[in-house]
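Let's walk through this structure together, taking the confidence of the model, its domains and a few backbone details in turn. Please have the sequence and the 3D view open as you read.

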Amino acid sequence: MKKMLRFLFFFFMPFMVFANDMEIRNKIEYLIMPDFRYWNVDENGKKKDFDVMNDEVRDVIKTHNFNGVILFAQNVKQTEQTLRLVDEIQKASKTPMFISIDQEGGIVTRLGTGTNFPGNMAIGATRNEKYSYEVGKAIGRELHALGINTNLAPTIDVNNNAKNPVIGLRSFSSDPNIVASLSRSMINGIKQENVIAVAKHFPGHGDTAIDTHLGLASVDKSMEELEAIELLPFKKAIEADIDMIMTAHVQLPQIEKDYFVAKNGDKIIYPSTISDDVITGILREKLGYDGVVITDALGMKAISDNLGPVEAMKLSINAGVDILLMPISLHSMKDVKELDKAIDKLVEAVKNGEISMQKIDKSISRINALKEKRHVVKDETNIDVRIENALKVIGSKQNRDLEREVSKNAITVVKDTPLKEMKRVLILGTDTSQRKVTEFAITRLFDEGKLQDLSYKFMIYGKDTKEIDIISQSTDVDTIIVYGAMNNENALNPESYRTKVPNMVAKLEGLQKIYVSINKPYDVTAHLDYDKVLIAYGFKGMDPTEVDGGIKAFGPNIPAALEIIFTQEEAKGKLPVDLPFIENGKLTEKVQFNLVK
């Protein structure tokens with residue numbers, strides 16, 4: 001009998017080990033949220049946008065236990081197309097999935113046919129909590145209609161560093177109390193439409209001068225300093241029952257002292273995403289947050305330049321994170337195989353005690369609790385009925401009217417010299433999209449009877465623009481309007497065309513000159529020699545979180561600025577950030593215009 005039992009034990013042991021491995025594997029997969037931004041390449045080797053479900057991706061989703069997916073602009077081009085893709089993703093999944101997206105409004109707008117809204121800093125300029133709530137609600141309403149149940153927004157970073165290359169207009173203000181009140185309102189608006197709201201980027205990405213998509217950033221502050229500024233909006237968001245919090249790949253050298261050895265041999269202080277002192281110590285224990293924590297994309301260079309995906313995932317789990325966002329981008333079956341190999345190594349790490357199974361189980365519990373709380377289910381409603389509804393909701397007149405109202409009330413005047421009537425106007429911008437949105441704005445004002453007698457022409461300026469070009473275009477006009485183009489501090493260099501061309505215009509005599517800041521607002525103090533200086537808080541250009549492209553639609557900011565200029569209505573916006581002095585083409589620590597309380 002003993003021999004038989006021993007035989008049965010050794011016979012079935014491999015199956016028991018395999019079953020145990022599969023259980024661990026399923027649990028690890030459930031912590032992963034991948035992207036399918038592209039799938040394979042075309043005959044020219046260019047990545048193909050993934051906007052229609054195919055058999056390969058369907059099989060990948062079916063054979064893995066992912067908690068959800070993240071969508072990008074390449075996935076969500078048209079309303080019907082988006083809804084059908086989301087429906088196919090949910091049908092393929094083992095369990096109802098988080099379908100997530102970064103629909104912040106403003107410069108980070110993914111939906112190809114959604115309402116853009118002017119962005120958080122514009123809302124900050126209105127100081128209007130009702131606007132923030134209604135914008136959040138409208139964004140949530142559009143996402144819900146598309147079956148997208150998770151919005152990786154709002155950004156609640158305090159933009160108290162004018163040199164910040166990636167937050168900027170995505171922040172409500174440089175004042176933590178303004179950020180806290182407006183972000184809380186937006187969170188409540190998003191949740192009102194039964195869409196999960198995600199506050200980001202913990203513990204704060206506002207006081208950095210490096211974009212973590214491109215490298216490691218550091219916030220060298222004490223706990224007392226962090227509590228007064230960076231952590232305050234997160235504390236208020238937690239009090240507002242925030243559904244999920246996204247981490248930032250920023251170092252806190254006064255908090256986290258441990259380091260790892262990077263790929264190149266350098267000793268690197270743990271960034272917050274993989275720091276148990278930050279995620280468990282501050283977020284979980286000090287702030288008392290027991291909700292879902294998601295990493296920022298683990299493929300960002302702040303992480304991927306220093307750690308391989310296996311180590312990054314292992315350290316994130318042990319730090320107290322629940323969802324691993326994009327550890328390896330899935331753009332082909334080759335990428336899927338790479339992820340599978342990484343998961344195999346994580347299974348071994350669990351068995352070896354390098355990863356806490358208790359933490360994995362706790363994360364799964366948090367994820368499932370949130371799905372239940374927000375009723376994340378597979379919608380069985382007829383797809384044609386859902387499409388009909390979505391077409392009514394996405395970009396609706398109600399949402400467009402709100403978009404216009406908020407944008408107009410955000411326009412902030414920094415210098416306001418009384419102007420004579422404008423009859424013939426030259427407008428300078430940096431690309432054809434600005435030409436098109438200008439045409440739209442002026443045509444609308446004529447159609448509404450707000451303009452009767454105005455002629456204008458548009459000139460694109462750039463690196464090759466010469467003073468004679470401007471002079472030749474301005475001989476028959478009475479007013480010149482220049483759209484500013486500050487994308488980063490380098491744009492303030494007097495030799496950069498982004499400053500050089502506006503300076504050429506400022507020297508022209510006998511003309512009214514108006515400067516409109518449509519990118520980061522910190523350029524306006526360099527152009528106070530204009531008669532009128534306005535801030536619109538929005539621009540057409542590269543979405544800073546989409547380094548290889550993405551949505552290129554213009555927002556409502558320029559039309560709002562032109563309406564204020566041509567109708568000469570009173571601008572109601574208040575400065576939401578301090579504007580520093582500019583010396584020798586550099587931002588200084590000295591403040592020239594203070595945030596208006």
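What follows begins with the confidence of the model and then moves on to the domains, the salt bridges and the backbone.

Keep in mind as you look around that this is a predicted model. Averaged over the chain, pLDDT is 92, and 94% of the residues reach 70 or more. One stretch to treat with care is residues 541-553, where pLDDT stays under 50.

Now to the overall layout. The domain assignment divides the chain into domain 1, covering 33-389, and domain 2, covering 411-593. Their C-alpha centres are 33 Å apart, and the contact between them draws on 34 residues from domain 1 and 31 residues from domain 2.

How might one put a size on such an interface? The size is often given as the accessible area lost when the parts come together. Here, about 2,500 Å² is buried between domain 1 and domain 2, with carbon and sulfur atoms giving 57% of that area. On the domain 1 side, look for Ile107, Ala162 and Leu169: these three supply 21% of the area that domain 1 buries against domain 2, more than any other three residues.

The interface has polar features too. Across it there are 8 residue pairs in polar contact, both partners being at pLDDT 80 or more. Helix H4, residues 120-126, provides 4 residues, the largest share of the side of domain 1 that touches domain 2. Sorted by class, that side has 16 nonpolar, 11 polar and 7 charged residues.

How many salt bridges are counted between domain 1 and domain 2? The count is 1. You can find a salt bridge between Lys163 and Glu489, whose closest N and O atoms are 3.7 Å apart.

For the model as a whole, the count comes to 51 salt bridges. One of interest joins the side chains of Asp21 and Lys351, with an N to O distance of 3.1 Å. Asp21 sits in helix H1 (residues 2-29) and Lys351 in helix H12 (residues 333-351), so this pair ties together parts that are 330 residues apart in sequence.

Finally, let's turn to the backbone. Most residues other than glycine have a negative phi, and most peptide bonds are trans. Phe117 belongs to the loop between strand S5 (98-101) and H4.

Which residues does a cis peptide bond with omega about 5° join? Lys200 and His201 are the pair, and His201 is placed in strand S7, residues 196-202. The peptide bond from Phe202 to Pro203 is also cis, its omega being near 5°. Pro203 lies in the loop between S7 and strand S8 (217-218).

Methods:
Residues numbered from 1 in each chain as written. Heavy atoms only, no water. Domains from an automatic or database assignment. Contact = heavy atoms within 4.5 Å. Buried area = accessible area lost by both parts, 1.4 Å probe. Salt bridge = Lys/Arg side-chain N within 4 Å of Asp/Glu carboxyl O. Polar contact = N/O pair within 3.5 Å; in protein donor to acceptor, adjacent residues only side chain to side chain. Helix = DSSP H or I, 4+ residues; strand = E, 2+ residues; numbered from the N terminus. Nonpolar A, V, L, I, M, F, W, Y, C, P; charged D, E, K, R; others polar. pLDDT = per-residue confidence, 0-100.
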